[in-house]
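I opened the notebook for a first pass through this entry. These are the points I looked up.

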Amino acid sequence: MALATDTLTEIGAGSNSTLAFDVERLREDFPILKQQVYGKPLVYLDSGSSSQKPRAVIDAMSELLETGYANVHRGAYYFSQTLTDRYEGVRKTVARFLNAASDQEIVFTRNVTEAINLVAHSFGNSLAAGDEVIITEMEHHANIVPWQLLRDRIGITLKVVPIAEDGSLRLDAYADMLTPRTRLVAITHVSNVLGSVNPMKEIIRLAHKAGALVLVDGAQAVVHGKVDVQDLDADFYAFTGHKLYGPTAIGVLYGKASLLTEMPPFLGGGDMIRSVSFSETTYADPPHRFEAGTPPIVEVIGLGAAIDYVTAIGHDAIAAHEAGLLAYATERLQQIDGLTIYGTAKEKAAIISFGLEGIHPHDIGTIIDREGVAIRVGHHCAQPLMECLGLPATARASFGLYNTPAEVDVLARALEKVKELFG
Amino acid sequence: MQDVLRDLYQEVILDHGKHPRNHRHPPAANRSARGYNPLCGDQVTVYLETDADGHISDVAFEGRGCAISIASASMMTEVLRGKTETEAQQLFDDFHRLCTEGGFTTEQAGTEDREALERLQVLAGVREFPVRVKCATLAWHAMTSALAGGDETTTE
Ligand SMILES: Cc1ncc(COP(=O)(O)O)c(C=O)c1O
């Protein structure tokens, strides 16, 4: 199981959803997979960047626009009220998805980037000069830059936990870094480059022991396995809809009620207020306090449909399928002479970064694109990590629930062609 | 293998990509600039030595990148020597059109040095790969900013 660490809920014994997992049938749910690229069937191996959308999500959004669209939280008329109920219903869906104690702990944002920025402002601004925030070498820019901005605003100290040779986190170094001045640990659950799954439960336990809070960037984690924020005891947990088979422009911030209640607003405007006058404005309670302006209504409905879709298939089944793909792809790629895989942590999600000796990832990407294979090449919005690895860039294949071993074979053959071309 | 790929990755390009010419830091360089492609992290630094009457007497580069950007940088160093700033700029304009305009031929070029442009013709395959045009022109952009920056960029 790719994510069966202490960070994610174990699959119940006797679960037989794996048997029911029929990838060919599921592929039928994704209209785009029938597309051809340069006359070749599309082999989409870039779900780590953004995943494709099932019919259920596309339909939920277009049906809403055709039959029931209105603004939410405002109108005293039928469509506005029914849609407000559906919108708030998705909050409950997300709460169940993360096993939050209450739907009032679920804040809708534009993406995980905005969720992290929200915490960096509304919580971060309460920190004092010299307070410490800990991040890691494997963070996405989304979980680096907001803390650098906070450092520039109020003079916090930013500490960076190193990674080990295999791409796993140096837990020993992390433990040593925690001090009484540490106020927040902001860390990714799963590395978008290396695939490493961090032992989040232990990381959080250690932080709490030191008196620090933990914000988890779950962008890559919610996609590959079940996340239980209460079991983890996470203080904040953020993810993004478009990687979870949902639409763009919708993200989620989970925050413990006790924390959100104490936090001032992030953005100001309509929807987030209780009452406004020129002398004094009072703010709504969370989560609405953090949702200024007309929200991404259609996208929230789309996210709800996406979560319903993956929940119906089952986390266990998806995780098992992806673990199989990861194992097969690792073995298949390792057979290619001159190919190096970056990130070989024991706990790993279905993400493989690699390089071919003497050939730049950019050239790999261009050439296999002509075989219909879509992968990401470059620095993956993790330039500091690239520097740690001593690489300008990597090629990355990332797998979703709709990928097949046959597609791994197409990738492997395409890579052989790259080598052939380069002689 | 598809022809568009063979066109892009011609032998000459692969050769320059693997064995770049003038890949060094000339001690007498008086101008330099770094070209950076944030999309892929590629970077090249172009070094120029210009003499008293404004001719480029030496040109070299250092850096890392894809086959296209390194081959293009390497070939650039071979065609710029002896040119004035204006001539170098003119050659870049023509080369840029070569990389982006489908119907462009060397006859339409403004440069006097047709032979140089014909040698650079092997890079015209990037036309079919719009995202790779930046790779082919990276070193050239660095070269023009080195010229524009004058003495300020002397010691990187
Ligand atoms: C680990 C991680 N964090 C953050 C992000 C940023 O996601 P978004 O651009 O949707 O905010 C990504 C995706 O690119 C990611 O993989």
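In which loop of chain A is A:Pro287 found? I traced it to the loop between strand S12 (281-283) and helix H11 (297-313) of chain A. I note that the model is predicted. I then checked the peptide bond from A:Pro286 to A:Pro287. That bond is cis, with omega near 0°.

**Backbone, continued.** I looked at A:Tyr245 next. Its phi is positive, about 65°, although A:Tyr245 is not a glycine. I placed A:Tyr245 in the loop between strand S9 (236-240) and strand S10 (251-255) of chain A.

**Helix pair.** I turned to helix H12 (residues 315-334) and helix H15 (residues 405-422), both of chain A. Two packed helices are described by the angle between their axes and the distance between the axes. Here the axes come within 10 Å and cross at roughly 20°. Angles under 35 degrees count as roughly parallel, so I logged H12(A) and H15(A) as roughly parallel to each other. Their crossing is right-handed.

I listed the residues that make the contact. H12(A) brings A:Leu325, A:Tyr328, A:Ala329, A:Arg332 and A:Leu333. H15(A) brings A:Pro405, A:Val408, A:Asp409, A:Leu411, A:Ala412 and A:Leu415. I sorted these contact residues by class: nine are nonpolar, none is polar and two are charged.

**Interface.** I finished with chain B against chain A. I found 24 residues of chain B in contact with 17 residues of chain A. The area buried between the two chains is about 1800 Å². Carbon and sulfur atoms give 56% of that area. I then looked for salt bridges across this interface, and the rule finds one. I looked up A:Asp363, which forms a salt bridge with B:Arg132. The closest N and O atoms of A:Asp363 and B:Arg132 are 2.9 Å apart.

Technical notes
Residues numbered from 1 in each chain as written. Chains lettered and ligands numbered in written order. Predicted model: local features only at pLDDT ≥ 70, side-chain atom pairs only at ≥ 80, totals over all residues. Heavy atoms only, no water. Axes fitted to C-alpha atoms, helices over the stretch in contact; angles between N-to-C directions. Helix = DSSP H or I, 4+ residues; strand = E, 2+ residues; numbered from the N terminus. Parallel < 35°, antiparallel > 145°, perpendicular 65-115°, else oblique. Left-handed = near helix turned anticlockwise from the far one by under 90°. Contact = heavy atoms within 4.5 Å. Nonpolar A, V, L, I, M, F, W, Y, C, P; charged D, E, K, R; others polar. Buried area = accessible area lost by both parts, 1.4 Å probe. Salt bridge = Lys/Arg side-chain N within 4 Å of Asp/Glu carboxyl O.
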